[in-house]
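Let's take a friendly walk through a protein model, step by step. Have the picture ready to turn as you read.

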Amino acid sequence: MAATWEVATAAGPAEVTLDEVADPAFLLVLTHGSNGGLDAPDLRAVRAEALRLGGAVAGILQPFRVAGRRA
């Protein structure tokens with residue numbers, strides 16, 4: 001189950017997507033590089049593995065990407 005919400009930051013709103021699992025073993029927080037997004041192949045692979053291992057995953061989309069810009 002995934003939930004998404006905005007978080008206010010000094011640079012504008014960021015977006016958090018939380019992939020929840022029942023009784024998570026850990027929480028992994030992922031964010032992207034300056035020219036990418038959370039759909040980057042390496043981040044998708046790490047997310048999938050963390051979920052497979054029973055972790056919850058929070059993906060942070062940085063404010064500049066929420067606004068449609070690149071760094």
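Start at alanine 58, which, leaving aside its neighbours within four places in sequence, is in contact with Val16, Thr17, Leu18, Leu27, Leu28, Val29 and Leu30; contact means heavy atoms within 4.5 Å. Before going on, note that this is a predicted model, where local features need pLDDT of at least 70 and side-chain atom pairs count only at pLDDT 80 or more, while totals for chains, interfaces and linings use all residues. Residues are numbered from 1 along each chain as its sequence is written, and side-chain values use heavy atoms, with hydrogens and water left out.

Now look at the sheet. It is open and built from 4 strands in the order β1-β2-β4-β3, with mixed pairing. The edges belong to β1 (2-9) and β3, each with a single partner strand, so one side of each has no neighbour in the sheet. From one strand to the next, the twist averages 20°. Strands here are DSSP runs of E with at least two residues, and helices are runs of H or I with at least four, numbered from the N terminus. Two strands pair if DSSP finds at least two bridges between them. Between β2 and β4 (residues 56-61), which run antiparallel, there are 5 bridges; in one of them, valine 16 has isoleucine 60 of β4 as its partner.

Which residues make up the largest nonpolar core? They are Val16, Leu18, Ala56, Ala58 and Ile60, 5 residues in all. β4 gives the most to this core, with 3 residues. A nonpolar core is a set of buried Ala, Val, Leu, Ile, Met, Phe, Trp, Tyr and Cys residues joined through side-chain atoms within 4.5 Å. Buried means under 20% relative accessible area, exposed over 50%, and partly exposed in between (1.4 Å probe, protein chains only).

Next, find helix α1 (residues 41-52), which lies across β2, β3 and β4. Arginine 47 forms a salt bridge with aspartate 19, their closest N and O atoms being 2.7 Å apart; a salt bridge is a side-chain nitrogen of Lys or Arg within 4 Å of a carboxyl oxygen of Asp or Glu. This pair links helix α1 to strand β2, across 28 residues of the chain. Aspartate 19 is buried at 11% relative accessibility, whereas arginine 47 is partly exposed at 33%.

Another salt bridge joins glutamate 49 and arginine 52, with closest N and O atoms 2.6 Å apart. These two are separated by about one helical turn because they sit 3 residues apart in helix α1.

Methods:
Axes fitted to C-alpha atoms, helices over the stretch in contact; angles between N-to-C directions.
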